Amino acid sequence: MNARAGTREQSALRLSIVVSAVMTVVAVAWGLASGSRVVLFDGVYILIGTALSGLGLAAARAVEAGASRRFPFGREALTPLVIGVQGLALLGTCAYAVLDSIRVIASGGVDVAPGAVAGYAVVSAVVSWGFAVHLRKGDHASELLDAEARQWMAGAVLSLVVGVGAVAALVLQRTAWSGVEAYVDPVLVIVACVLIAPHPVRMVRTMMTELLEGAPPVPVQEPVRAAVAAVRAEHGLGEPDVRVGKVGRKLYVEVDFVVRPGEWDVADEDRVRRAVAERLSHLPYDVWLNVELTTDAQLLA
């Protein structure tokens with residue numbers, strides 16, 4: 001990993017932990033004062049996010065340490081693993097919150113102070129959205145920062161839902177449906193969990209794809225295949241077998257060409273490899289490149 005990129009990533013994660021800790025205190029205090037379960041849920045969500053940010057920071061440090069005798073290929077697999085753990089933890093939080101809300105609805109709802117809840121929603125939405133935008137302006141190749149930004153954006157969506165529900169409760173209090181507002185808070189928790197759920201599901205999917213060595217997204221593969229196509233045309237080579245894999249910041253690229261016997265030597269293979277490497281040098285990843293010229297197509301099976 002590029003040293004500067006690793007430093008930026010860790011700095012952003014540390015700042016996220018600080019902001020999360022402050023917002024956790026604010027959410028829990030506000031939730032207890034207003035009697036709102038959805039605000040307390042937001043506080044718990046942020047608290048879990050804080051712990052997971054610390055886990056992400058530890059992973060970033062381990063990855064930046066690079067390869068060692070014990071880990072000759074580095075520790076990049078920690079990145080998707082941590083992202084997946086974050087996703088599973090958030091899904092578990094949502095599942096518990098939904099079950100608790102169903103219990104509250106079955107017991108007759110809960111009284112809250114909708115004005116106070118609306119005030120919290122505004123503060124939380126602004127902070128969450130602003131920090132998500134800040135993180136997205138950082139290192140675009142960092143999956144840890146992308147996961148962190150998605151988490152903050154999910155918090156902004158949650159706060160927006162809380163705000164809309166608080167306004168709805170205020171309106172209901174002044175109508176013939178004045179008893180219904182007791183159910184607004186637990187219903188909001190369920191709605192928020194449904195809206196948030198796709199985010200941790202994507203995180204778990206990312207973990208599964210990378211740890212199981214699945215093909216990376218098309219936007220990651222396209223520049224690799226374009227570079228290989230350009231080198232192939234430049235050197236008059238046939239259609240190659242191209243394999244691309246991704247684990248964290250590490251991008252594995254294997255390119256195999258079948259050539260006629262006696263026409264190519266090791267020096268030619270080196271020139272092709274250097275040409276491909278040069279065209280991939282602009283990518284924001286740690287590229288592990290292998291280019292092979294062979295006269296036996298069966299070796300590529």
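**Entry 1: conventions**

I call a residue buried under 20% relative accessible area, exposed over 50% and partly exposed in between, with a 1.4 Å probe and protein chains only. The model is a predicted one, in which local features need pLDDT of at least 70 and side-chain atom pairs count only at pLDDT 80 or more, while totals for chains, interfaces and linings use all residues. Residues are numbered from 1 along each chain as its sequence is written, and side-chain values use heavy atoms, with hydrogens and water left out.

**Entry 2: the whole chain**

I looked up the secondary structure, taking helices (H or I, at least four residues) and strands (E, at least two) as DSSP runs numbered from the N terminus. The protein has nine helices and three strands, and their order along the sequence reads α-α-α-α-α-α-α-α-β-β-α-β.

For the overall dimensions, I took the radius of gyration over C-alpha atoms and the globule rule as 2.2 Å times the number of residues to the power 0.38. The protein has 25 Å, whereas a compact globule of 301 residues would have a radius of gyration near 19 Å. Taken along the principal axes, the box that the C-alpha atoms fill is roughly 90 × 35 × 30 Å.

Of the 301 residues, 43% count as buried. By the Shrake-Rupley method with a 1.4 Å probe, where for residues only the protein chains shown count as cover, the protein exposes about 14,900 Å², and carbon and sulfur atoms supply 64% of that area.

I then turned to contacts (heavy atoms within 4.5 Å). Among those between residues at least 6 apart in sequence, 76% join residues at least 24 apart.

For charges, I counted Lys and Arg as positive and Asp and Glu as negative, leaving out His and the chain ends, and I placed each charge at NZ of Lys, CZ of Arg, CG of Asp or CD of Glu. There are 26 positive and 29 negative side chains, and the centres of the two sets lie 5 Å apart.

**Entry 3: salt bridges**

How many salt bridges are there? With a salt bridge taken as a side-chain nitrogen of Lys or Arg within 4 Å of a carboxyl oxygen of Asp or Glu, the count comes to 10.

I began with Glu 210 and Lys 246, whose side chains form a salt bridge at 3.1 Å, N to O. Glu 210 belongs to helix α7 (residues 198-211) and Lys 246 to strand β1 (residues 241-247), so this pair ties together parts that are 36 residues apart in sequence. Both Glu 210 and Lys 246 are buried.

The next pair was Arg 232 and Glu 239, bridged at 3.4 Å, N to O. Arg 232 is partly exposed because its relative accessibility is 30%, while Glu 239, at 64%, counts as exposed.

In the pair of Arg 260 and Glu 263, the N to O distance is 3.9 Å. Arg 260 is exposed at 58% relative accessibility, and Glu 263 is partly exposed at 48%. I also noted a network of salt bridges that links Glu 269, Asp 270 and Arg 273.

Is Asp 268 buried or exposed? Its relative accessible area is 14%, so Asp 268 is buried. Asp 268 sits in helix α9 (residues 266-280), and, leaving aside its neighbours within four places in sequence, Asp 268 is in contact with Glu 263 and Leu 293.

Ala 132 is in helix α4 (residues 114-136) and counts as buried at 0% relative accessibility. With neighbours within four places in sequence set aside, Ala 132 contacts Ala 149, Trp 152 and Met 153. Between the C-alpha atoms of Ala 132 and Asp 268, which are 136 residues apart along the chain, I find 48 Å.

Thr 206 lies in helix α7 and is partly exposed at 28% relative accessibility. Not counting residues up to four places away in sequence, Thr 206 touches Pro 80 and Glu 143.

Most residues other than glycine have a negative phi. Glu 213 is not a glycine, yet has a positive phi of about 60°. Glu 213 is placed in the loop between α7 and α8 (218-235), and, with a relative accessible area of 70%, Glu 213 is exposed.
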